[in-house]
Amino acid sequence: MIRNRPPIIAVFICIYCMVNSLDLIVTWMHPSQARLGAVALIIWVTPVVFYWSLRNRFNEKTKDRPILLGLGLLLSFNGMLGSLNVLEHIGLACAIGALLPPFPMNLVWLASSLSWMPAFDWLGGRFFPEYIIAARILISAIPACYMAHSIQTRISVNP
Amino acid sequence: MTRLTNILLWLGFSLTLIIGIIFDIYGVHNGTSRIHNLPLQGLGYTGYDMSLNPSERSLYSDAEVLKRCYQLGKDKFVLIAIDGARNRHAVHDPIYCFQGAGWSISSTRKLPIEGGSGLLMNLQRDEQDREILYWFTNNKTRHSSVVRYWIQATIRRITLGRSGQEPILIMMQSLDNKGIEWAKILDEFGLLFEI
């Protein structure tokens with residue numbers, strides 16, 4: 001049977017990781033360039049929304065990714081215990097990433113999740129302080145567009 | 001997803017919830033911070049407490065913070081010690097913070113101190129020049145790496161405090177455009193290394 005929604009456990013783990021990453025909202029409320037992280041997250045997560053909204057047009061079964069899901073849970077849990085936000089954010093990225101089946105450039109898209117994390121401001125402040133905003137948007141947008149294109153192509157191949 | 005992986009994920013998820021609740025109840029309990037062991041006055045130096053401004057109070061929240069002005073000979077400096085045992089997020093990377101406050105870093109150099117090294121930064125903003133010396137200390141080792149601080153603080157929490165004492169951020173900054181003889185201060189203000 002072809003499922004038109006992610007497995008229940010994946011949804012629960014995503015919610016758990018989101019709750020652990022609620023500090024992101026506090027960060028984005030501050031009047032700084034870090035709030036553009038919210039925009040980067042929306043751009044980054046677009047392929048997931050795109051995939052599941054078009055899921056009923058696919059004939060093939062969605063390949064689950066339990067290892068990535070488990071990794072997300074483990075990282076978020078350790079980030080919560082150790083009071084380290086960046087681990088919780090990486091955990092959230094892995095959990096959301098596990099909602100998508102493997103596509104070309106999947107790892108690049110997953111790595112580009114750094115663009116919405118507050119850690120990006122810290123890294124950018126050290127290495128490219130003048131280009132943080134542009135780098136954040138580009139890094140989130142290019143892999144997300146490529147992923148969306150790959151999803152679109154798969155729909156055309158498997159209508 | 002196979003039945004086994006599904007069961008394993010549910011089991012892992014349930015365990016994280018249970019362990020999370022247990023940690024919340026029996027997590028690391030911190031006594032009085034060791035930053036309060038630093039005396040206000042002593043042989044060759046004198047100091048006074050400075051109050052935190054509203055933005056500092058909001059930033060540090062539950063963390064224990066000591067903000068003092070010390071005079072040692074001709075040199076005057078502000079010392080800020082932040083113990084993030086109760087609020088780890090109050091401890092930020094000093095480089096990131098000063099840049100965010102509009103300072104530009106003109107130079108940095110490592111300064112050897114007892115148990116490791118600190119980082120001496122020369123900062124500029126408008127017509128102002130300041131020197132900042134900082135390090136993280138867990139009372140055994142001292143270093144200026146924020147990533148190492150994150151690792152130490154995280155492992156300490158995960159191991160319920162068995163990996164060592166909470167790392168504390170020590171920051172010393174000059175009050176005016178004049179430079180400070182840091183070597184002399186570090187030499188004569190040995191109590192700093194008891195934190």
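Predicted model: local features only at pLDDT ≥ 70, side-chain atom pairs only at ≥ 80, totals over all residues.
Helices (H or I, at least four residues) and strands (E, at least two) are DSSP runs, numbered from the N terminus. Chain B likewise averages a pLDDT of 90, with 100% of the residues scoring at least 70. In chain B, confidence is highest in strand 7 (residues 142-143) of chain B, at a mean of 96, and lowest in helix 2 (residues 54-60) of chain B, at 86. For the complex, the predictor gives a pTM of 0.88 and an ipTM of 0.87.

Residues are numbered from 1 along each chain as its sequence is written, and chains are lettered from A and ligands numbered from 1 in the order in which they are written. Local features need pLDDT of at least 70 and side-chain atom pairs count only at pLDDT 80 or more, whereas totals for chains, interfaces and linings use all residues; side-chain values use heavy atoms, with hydrogens and water left out.

The secondary structure of chain B comprises five helices and eight strands, which follow the pattern α-β-α-β-β-α-β-β-β-β-α-β-α along the sequence. The C-alpha trace of chain B spans about 70 × 35 × 35 Å along its principal axes. Chain B is divided into domain 1 (1-29) and domain 2 (31-194), with bounds that come from an automatic or database domain assignment. The centres of these two domains of chain B, taken over C-alpha atoms, are separated by 37 Å. Five residues from domain 1 of chain B and six residues from domain 2 of chain B take part in the contact, defined as heavy atoms within 4.5 Å. Between them, the two domains of chain B bury about 360 Å², 72% of it on carbon and sulfur atoms; buried area is the accessible area (1.4 Å probe) that two parts lose on being put together, summed over both. Phe23(B), Val28(B) and His29(B) supply 91% of the area that domain 1 of chain B buries against domain 2 of chain B, more than any other three residues.

Between chain A and chain B, about 2200 Å² is buried, 74% of it on carbon and sulfur atoms. Of the area that chain A buries against chain B, 27% is supplied by Ile9(A), Leu81(A) and Trp122(A), more than by any other three residues. The contact involves 23 residues from chain A and 25 residues from chain B.

The second largest pocket has a volume of about 480 Å³. A pocket is an open set of points on a 1 Å grid over the protein atoms alone, with protein on both sides within 12 Å along at least five of seven lines; a cavity is a set of points where a 1.4 Å probe fits but cannot get out, and lining residues have an atom within 4 Å of a point. Grid points are joined across faces, edges and corners, and a volume is the space filled by probe spheres set on the points. Of the 20 residues that line the second largest pocket, Met80(A), Leu81(A), Phe23(B), Asp24(B) and Arg157(B) are the closest to its centre. Helix 1 of chain B gives the largest share of this lining, five residues.

Methods: pLDDT = per-residue confidence, 0-100.
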